[in-house]
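Please look over the sequence and the fold together before reading on. The paragraphs below are meant to be followed with both in view.

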Amino acid sequence: MSEEQIKNLEAQFEARIARDEKIEPKDWMPEKYRKTHIRQMSQHAHSEIVGMLPEGNWITRAPSLRRKVALLAKVQDEAGHGLYLYSATETLGISRDELYEQLHTGKAKYSSIFNYPTVTWADMGAIGWLVDGAAIINQVPLCSTSYGPYARAMIRVCKEESFHQRQGFEIMIKLAEGTSEQKEMAQDALNRWWWPSLMMLGPTDSESVHTEQSMKWKLKRKSNDDLRQQFIDQTVPQAELIGLTIPDPDLKWNEERQSYDFGEINWDEFWQVVKGHGPCNKERMKARVGAWERGEWVRDAAMAYAEKQQTRKEKRAI
Ligand code: 3HC
């Protein structure tokens, strides 16, 4: 294809993005657009699947049948979110096996937030309330992202995320209204999950290598800092409502900005965790790679069955 033809295609593509048209798998797209979508969408999918591990750790120890059922449903939802997102990513011409290989070898990232331990039941509340709360703020704008399969996957995911956030906040309400030990457990979980939840929304805009281009392509609709501020402004009143204290001595309502000013985020910690040196990175990867290896026979059986079915179908067609 000549330079001229490529320039034409790029101009038409940019005009489609400007008109807020959805780009579909079979449409022409710049190679960089395709690549950055594979990057972000696959890492989103990996995050959903790895995100099942910290909460899965508490399913057998839930304090009641009702809590167990809600947590089980939430963890199953996350698996479904991962499958929607892997399927959406595959429309960009990459196989599921390649995606998993990228995760298992560390070539692909997953969200830093899932590298922290879940040490008490209150962590199930804090994760639902804070992590899924931040996820909703991050994912709602993605419902109008320019790539069709991603936007459509997000619409389904966001409906379920609201249940995740609600069940988490309800756990925190119950604990905060419970005995002094239970309230202390809820406060301890908030202390441990607050800052990692702020980091989950990505580095500051000045440090973000992808934001500018992702905003131009309407992959990203809000910047990391805007999403973070929205999350803080929404969450602080919720903590106050249940009598918990946000662990940030610099947190202060700014009347002029109509937003909260907040303290310095420990970006060294963030990058340490992103680079694989968080409290649970090794444990999470060991669990994921182990599940992949133990599941090989299931994949082989499913493939053999599919091939048998296909042969039968072809024989019947003769
Ligand atoms: N954890 C790990 N890596 C992170 C990160 C985080 N919290 N935030 C940023 N990074 C990485 C980026 O992936 C990028 O590295 P890469 O080039 O190797 O991909 C680098 O840090 C620079 O960051 P940028 O801000 O430039 O990257 P993005 O423009 O991709 O912004 C993002 C980061 C805001 C997380 C964006 O990728 C995004 O919105 N992704 C979709 C949502 C998502 O993945 N959420 C993760 C949690 S999933 C979840 O919450 C499930 C729920 O059910 C709990």
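This is a predicted model: local features need pLDDT of at least 70, side-chain atom pairs count only at pLDDT 80 or more; totals for chains, interfaces and linings use all residues.

Residues are numbered from 1 along each chain as its sequence is written, and side-chain values use heavy atoms, with hydrogens and water left out.

Two packed helices are described by the angle between their axes and the distance between the axes. Helices here are DSSP runs of H or I with at least four residues, strands are runs of E with at least two, and both are numbered from the N terminus. Axes are lines fitted to C-alpha atoms, for helices over the stretch in contact, and the angles between N-to-C directions run from 0 to 180 degrees.

Helix α2 (residues 31–50) packs with helix α4 (residues 65–90) at an angle of about 160°, their axes being 8 Å apart. The two helices α2 and α4 are therefore roughly antiparallel to each other, a description used for angles over 145 degrees, just as those under 35 count as roughly parallel, 65 to 115 as roughly perpendicular and the rest as oblique. On the α2 side, the contact (heavy atoms within 4.5 Å) is made by Ile38, Met41, Ser42, His44, Ala45, His46, Glu48 and Ile49, and on the α4 side by Glu78, Ala79, His81, Gly82, Leu85, Tyr86, Ala88 and Thr89. By class, eight nonpolar, six polar and two charged residues take part in the contact of α2 with α4; here Ala, Val, Leu, Ile, Met, Phe, Trp, Tyr, Cys and Pro count as nonpolar, Asp, Glu, Lys and Arg as charged, and the others, Gly among them, as polar.

Helix α2 also meets helix α7 (residues 148–176), where the axes come within 13 Å and cross at roughly 25°, and α2 and α7 are therefore roughly parallel to each other. The crossing of α2 past α7 is left-handed. Gln40, Met41, His44 and Glu48 of α2 are in contact with Tyr150, Met154, Val157 and Glu161 of α7, and by class this contact of α2 with α7 holds four nonpolar, two polar and two charged residues.

Within α7, Met154 counts as buried at 0% relative accessibility, where buried means under 20% relative accessible area, exposed means over 50%, and partly exposed lies in between, with a 1.4 Å probe and protein chains only. Apart from neighbours within four places in sequence, Met154 is in contact with His44, Leu85, Gln139, Leu142 and Cys143. Met154 and Tyr84 are 70 residues apart in sequence, with 8.8 Å between their C-alpha atoms.

A further pair is formed by α6 and helix α8 (residues 180–199), whose axes come within 9 Å and cross at roughly 30°, which makes α6 roughly parallel to α8. Here α6 passes α8 in a right-handed crossing. Ala122, Asp123, Ala126, Ile127, Trp129, Leu130, Val131 and Ala134 in α6 meet Met185, Ala186, Ala189, Leu190, Arg192, Trp193, Trp194 and Ser197 in α8, and by class the contact of α6 with α8 has 13 nonpolar, one polar and two charged residues.

Ile127, a residue of α6, is buried with a relative accessible area of 2%. Leaving aside neighbours within four places in sequence, Ile127 is in contact with Pro54, Glu55, Thr118, Asp132 and Trp193. Thr120 sits in the loop between α5 (96–104) and α6 (122–139) and is buried, with a relative accessible area of 16%. A polar atom of the Thr120 side chain lies 3.1 Å from the backbone nitrogen of Ala122. Beyond its neighbours within four places in sequence, Thr120 is in contact with Trp58, Met185, Asp188 and Arg192.

Most residues other than glycine have a negative phi. Asp20, in the loop between α1 (3–18) and α2, has a positive phi of about 60° although it is not a glycine, and at 46% relative accessibility Asp20 counts as partly exposed. Gln258, in the loop between β1 (252–254) and β2 (259–261), likewise has a positive phi, near 55°, and counts as partly exposed at 46% relative accessibility.

Note on methods: A crossing is left-handed if the near helix is turned anticlockwise from the far one by less than a right angle, and right-handed if clockwise. A polar contact is a pair of N or O atoms within 3.5 Å; within protein, one must be able to donate a hydrogen and the other to accept it, and residues adjacent in sequence count only if both atoms are side-chain atoms.
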